Amino acid sequence: MDSQSDGIRVLVVDDEPGMREGCRRILIAEGYAVETAEDGMAGLELFQQQRNFAAALVDLKMPRLSGVELVEALRALDSDVLLLVITAYATIETAVEATKRGAYGYIPKPFTPEELLMPLRHGLERRQLAIETRQLREERERRLLEVAFERSKAKTIINCMTDGVLVTNREKQVVLRNVVAARLLPALANSPLPVSLGAVGLPALTDLLVSAIQPGSTPSIASREITIGESTFMVNVSPVTEGAGEMQGAVAVLRDITALKKLEVAKSMFVSLVAHEVKRPLAAIESNLKVVLGGYTRDPDKQRHMIERALERSKGLLTLVTELRSLSTMEAGRYALNRVPMDLVPLAADAVESAKEKAAEKQMTLSFENKVAGTVPRVMADAEAMKSVFGNLLDNAVKYTPDGRRAGLRVARDGLFLRFTVWDEGIGMSAEELSHVFEEFYRAQNEFTSRVPGTGLGLSLAKRLVEIHQGEVTIDSTPGKGSCFAVSLPIVE
Ligand SMILES: Nc1ncnc2c1ncn2[C@@H]1O[C@H](COP(=O)(O)OP(=O)(O)OP(=O)(O)O)[C@@H](O)[C@H]1O
Ligand SMILES: [Mg+2]
């Protein structure tokens, strides 16, 4: 028994019972599974019901539905089924007609078992081959589709990255880059890929990539800081291997660390400034105490004066520390404010009262004016924070104004805002000085200010507090004439 034909289903359609039976026996002896039908119509119905026939032997001349018509119908139902025509009238025309309609070949009657089995075997082999070829093709198409999809997915992903990505092959050519990389390296944006690494025009990056694709280089990630224009990038380069570690190329990821770098610089500058600001008063306190304790002055008035100076400097230090703490909590967004709708006029008037003592020491007059007509509109404010803002501005107005002159605070309405203006007839500021006043630790350097104590934190603190209140601070100042600091806060509806 031919094991290859085991169970293969064959349909025999012939109106001659003897013929049908003869075929059936030959085929069954070979291991085929056989069904028979007594005419074209019955054959078609059987095929439609069962469908899983590999082959059909069809008599050409049958009532109801002719062999040629059946061939055509079966081919339409199943593009793979092997169709063989059995005919007593083997003419060229009928053969051509049958093959045109989808038959593989024909077997002339009468035939020996071998004359039946040979074309059947060949036809089935061919059918099998055709099916396998088609499956392979379909599989390949599906794979190609998958690859294309994977590729476009990978492309989408790398283009979404905020870091620059570029990939090179073994031939030192850039074969892939994302949008960010193209923006950073114009050579990559302007020419189609692949682009030679040399043309990218960034030797530091080229070196990293070339050493990553060097044969025998160990698979590791190399990192280096690289500057492109004004920006600094942390570049990580890693070889790309495939299968058994075969080198395919290298990938570079460029991360912009410019902001981080600036922050680092700012942080270390801030720390050294603080150290400097702390050291000065500490040194002064130490030397004053040493003079007194070392007995270098016996005059009790002088001794007292030196201790008072030391106390003053230590108070200054305390203010510095307090302001630094406020600044850092504000920076971390942890500054706890309790803002409620309130009338700020009494609070501003109190701030002026508190500053009067210091002003009196300099024979200065401090005034307070409320220019708001009718009831004062309320603003959302934190009382402590606003006390600190007015305190800082009034402190400056007194500090930076020569003895005997005037300063004050004025409240007025300005559209949807309530404006508090702290003015003075003081030394004023140049445009250059004005551009720095809100910077931490900034102090104008001149004859006058060198004799005035201060840390340069007051205004930066005040500005931030006002900004938390959705307000703003503006300055109008003329050197030698005076300054106006205006704090505007939005009025509550
Ligand atoms: N009303 C003013 N008139 C002239 N210059 C001023 C006035 N207010 C501030 N300045 C200048 O701006 C600088 C910064 O002021 P800021 O209040 O931040 O610091 P400070 O007064 O020096 O120290 P503190 O931290 O004790 O307030 C001052 O050193 C001074 O040079
Ligand atoms: Mg100040």
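Predicted model: local features only at pLDDT ≥ 70, side-chain atom pairs only at ≥ 80, totals over all residues.
Asp78 sits in the loop that runs between helix 3 (67–77) and strand 4 (82–87); helices (H or I, at least four residues) and strands (E, at least two) are DSSP runs, numbered from the N terminus. The residue is buried, which means under 20% relative accessible area, with exposed being over 50% and partly exposed in between (1.4 Å probe, protein chains only). Even so, Asp78 has no salt bridge, a term that takes a side-chain nitrogen of Lys or Arg within 4 Å of a carboxyl oxygen of Asp or Glu. Arg75 is the nearest side chain of opposite charge, and it is 5.4 Å away (Lys and Arg count as positive, Asp and Glu as negative; His and the chain ends are not counted).

Residues are numbered from 1 along each chain as its sequence is written, while chains are lettered from A and ligands numbered from 1 in the order in which they are written. Local features need pLDDT of at least 70 and side-chain atom pairs count only at pLDDT 80 or more, whereas totals for chains, interfaces and linings use all residues; side-chain values use heavy atoms, with hydrogens and water left out.

Zooming out, the chain has 16 helices and 18 strands. Its radius of gyration is 48 Å, well over the 23 Å that the globule rule gives for 493 residues, so the chain is more spread out than a compact globule (the radius is taken over C-alpha atoms, and the rule is 2.2 Å times the number of residues to the power 0.38). Along the principal axes, the C-alpha atoms fill a box of roughly 145 × 65 × 40 Å. Of the 493 residues, 40% are buried.

Helix 5 (residues 113–160) has 48 residues and reaches 70 Å from first C-alpha to last, close to the expected 70 Å (the expected span is 1.5 Å times one less than the number of residues). Its buried residues include Leu116, Leu120, Arg127 and Ile158, and among the elements covering them are helix 1 (17–29), strand 4 and strand 6 (164–169). Also in helix 5, Glu139 and Arg143 lie four residues apart, about one turn, and form a salt bridge with the closest N and O atoms 3.3 Å apart. Glu139 is partly exposed at 27%, as is Arg143 at 49%.

Helix 12 (residues 345–361) has 17 residues and spans 25 Å, close to the 24 Å expected. A kink of about 35 degrees is centred on Ala355 (the bend is the angle between axes fitted to the seven residues ending there and the seven starting there). Ala355 is also one of the helix's buried residues, whose cover includes helix 13 (383–399) and strand 15 (406–414). Just after helix 12, Gln363 takes a positive phi of about 55 degrees.

Across the whole structure, 31 salt bridges turn up. Glu21 pairs with Arg24, the closest N and O atoms being 3.3 Å apart; the two are three residues apart in helix 1, so about one helical turn separates them. Arg309 and Glu312 meet at 3.0 Å, N to O, and are likewise three residues apart, in helix 11 (residues 300–331). Asp14, Glu16, Asp59 and Lys109, meanwhile, are linked in a salt-bridge network.

How values were computed. Contact = heavy atoms within 4.5 Å.
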